[in-house]
Amino acid sequence: MSELNLILLGPPGAGKGTQAERLTDDFNLPYIATGNILRAAVQEGTELGRQAQGFMTAGELVPDEVIIGVILEAVEGPAARDGFLLDGFPRSTGQADALGEGLERLERRLTAALLIDVPDEDVVRRLSGRRVSVKTGRVYHVEFDPPKHEGRCDVDGSRLVQRDDDKPETVRHRLEVYRTSTLPLVAYYEERGSLRRFDGTRSPTEVHDHIRATIATLRLEDEL
Ligand code: AP5
């Protein structure tokens with residue numbers, strides 16, 4: 001079976017985490033989400049968390065020298081030997097170059113960059129209604145994907161909270177940062193023939209069906 005080395009691209013709130021949860025189940029891929037790694041580090045009070053916290057709360061990118069080593073270590077580690085799903089990395093051309101070089105060292109290549117696109121007005125609405133379980137990390141939306149019992153996770157009943165960086169003014173700044181630093185990666189991966197686009201305004205199930213079918217086709221093409 002050919003390996004799947006995938007990255008998820010898209011603005012904040014595009015639904016990357018929502019889709020990742022489904023895709024890792026479908027394809028049994030290790031899920032490497034920079035945002036989750038960094039938030040866990042902040043909560044545990046590690047050196048990484050200490051370096052990242054201020055940038056995250058302000059909606060800024062954590063500097064490349066803080067994040068690149070951490071993510072390459074995960075990509076090059078034994079758990080990701082047969083493939084990976086990266087969410088939130090790369091977010092700048094410097095990070096994309098570092099990932100490309102890391103894969104080259106391992107004689108591997110990127111299977112695809114999966115871009116989930118949504119307009120700014122959807123982003124603000126989605127992030128202001130997002131709630132996350134403090135224990136399981138499962139993501140909900142008060143309107144689009146509500147839990148069965150208000151404020152409680154369906155999985156284990158744990159408390160649902162709003163992320164610090166989901167305040168409207170921080171969301172607007174995150175969108176600016178996305179446009180300046182991350183959007184150039186769309187052209188970057190398009191030029192390399194790796195980009196696949198998905199309409200993120202569709203329902204989570206429709207977006208999922210489309211991405212899953214695309215990955216299945218890519219895998220088939222790779223095996224021919
Ligand atoms: P990170 O956690 O990666 O945040 P992000 O990229 O801004 O993405 P989000 O998690 O906000 O959104 P998502 O696309 O996963 O959407 P979700 O599925 O939750 O990064 C946070 C911070 O960490 C950064 O700001 C930065 O400081 C730092 N950082 C991370 N990586 C870094 C890097 N590489 N370099 C430097 N710094 C880095 O969905 C959102 C909501 O919409 C949910 O409520 C969901 O239920 C709902 N929803 C999802 N899909 C749909 C749909 N189709 N229709 C309706 N609602 C939907």
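Residues are numbered from 1 along each chain as its sequence is written, and side-chain values use heavy atoms, with hydrogens and water left out. Because the model is predicted, local features need pLDDT of at least 70 and side-chain atom pairs count only at pLDDT 80 or more, while totals for chains, interfaces and linings use all residues.

**The parallel sheet**

Begin by selecting the open sheet of 5 strands, whose order is β2-β3-β1-β4-β8 with parallel pairing. Helices (H or I, at least four residues) and strands (E, at least two) are DSSP runs numbered from the N terminus, and two strands pair if DSSP finds at least two bridges between them. Strands of a sheet pair through backbone hydrogen bonds, either parallel or antiparallel. At the edges are β2 (31–33) and β8 (195–199), each of which pairs on one side only. From one strand to the next, the twist averages 20°; axes are lines fitted to C-alpha atoms, for helices over the stretch in contact, and angles run from 0 to 180 degrees between N-to-C directions.

Next, display helix α1 (residues 16–27), which packs on this sheet and touches β1 (4–9), β2, β3 (83–87) and β4. Contact here means heavy atoms within 4.5 Å. The direction of α1 makes about 170° with that of β3.

Of its 5 residues, 5 are buried, so β3 is largely enclosed by the rest of the structure. Buried means under 20% relative accessible area, exposed over 50%, and partly exposed in between (1.4 Å probe, protein chains only). Gly83, Leu85 and Asp87 point one way from β3, Phe84 and Leu86 point the other way, and all are buried.

Three selections show how the strands are joined:

- β1 and β3 are paired in the parallel sense over 5 bridges, and Leu6 stands opposite Leu85 in β3.
- β2 and β3 run parallel and are joined by 3 bridges; the bridge partner of Ala33 in β3 is Asp87.
- β4 (residues 112–117) and β8 are paired in the parallel sense over 5 bridges, with Leu195 in β8 as the bridge partner of Ala113.

By class, the contact of α1 with α9 divides into 7 nonpolar, 4 polar and 4 charged residues. Ala, Val, Leu, Ile, Met, Phe, Trp, Tyr, Cys and Pro count as nonpolar, Asp, Glu, Lys and Arg as charged, and the others, Gly among them, as polar.

Then select helix α4 (residues 64–76) and helix α5 (residues 93–105), whose axes come within 10 Å and cross at roughly 30°. This makes α4 roughly parallel to α5. Among the residues that meet are Ile67, Leu72 and Val75 in α4 and Ala98, Leu99 and Leu103 in α5. The contact of α4 with α5 has 7 nonpolar, 3 polar and 3 charged residues.

**The antiparallel sheet**

Move to the open sheet of 3 strands, ordered β6-β5-β7 with antiparallel pairing. Its edge strands are β6 and β7, each pairing on one side only. Strand β5 (residues 130–133) pairs with β6 in the antiparallel sense over 3 bridges, and Arg130 stands opposite His141 in β6. Helix α6 (residues 120–128) packs on the sheet, touching β5 and β6, and its direction makes about 40° with that of β5.

In the loop between β6 (139–141) and β7 (160–161), select Pro146. This residue is partly exposed, with a relative accessible area of 44%. Leaving aside neighbours within four places in sequence, Pro146 is in contact with Tyr140 and His141.

**Loop residues with backbone features**

Finish with three loop positions.

- Pro90 lies in the loop between β3 and α5; the peptide bond from Phe89 to Pro90 is cis, with omega near 0°.
- Asn28, in the loop between α1 and β2, has a positive phi near 50° in a residue other than glycine. Asn28 is exposed, with a relative accessible area of 70%.
- Glu107, found in the loop between α5 and β4, has a positive phi of about 55° although it is not a glycine. Glu107 counts as exposed at 76% relative accessibility.

Technical notes: Parallel < 35°, antiparallel > 145°, perpendicular 65-115°, else oblique.
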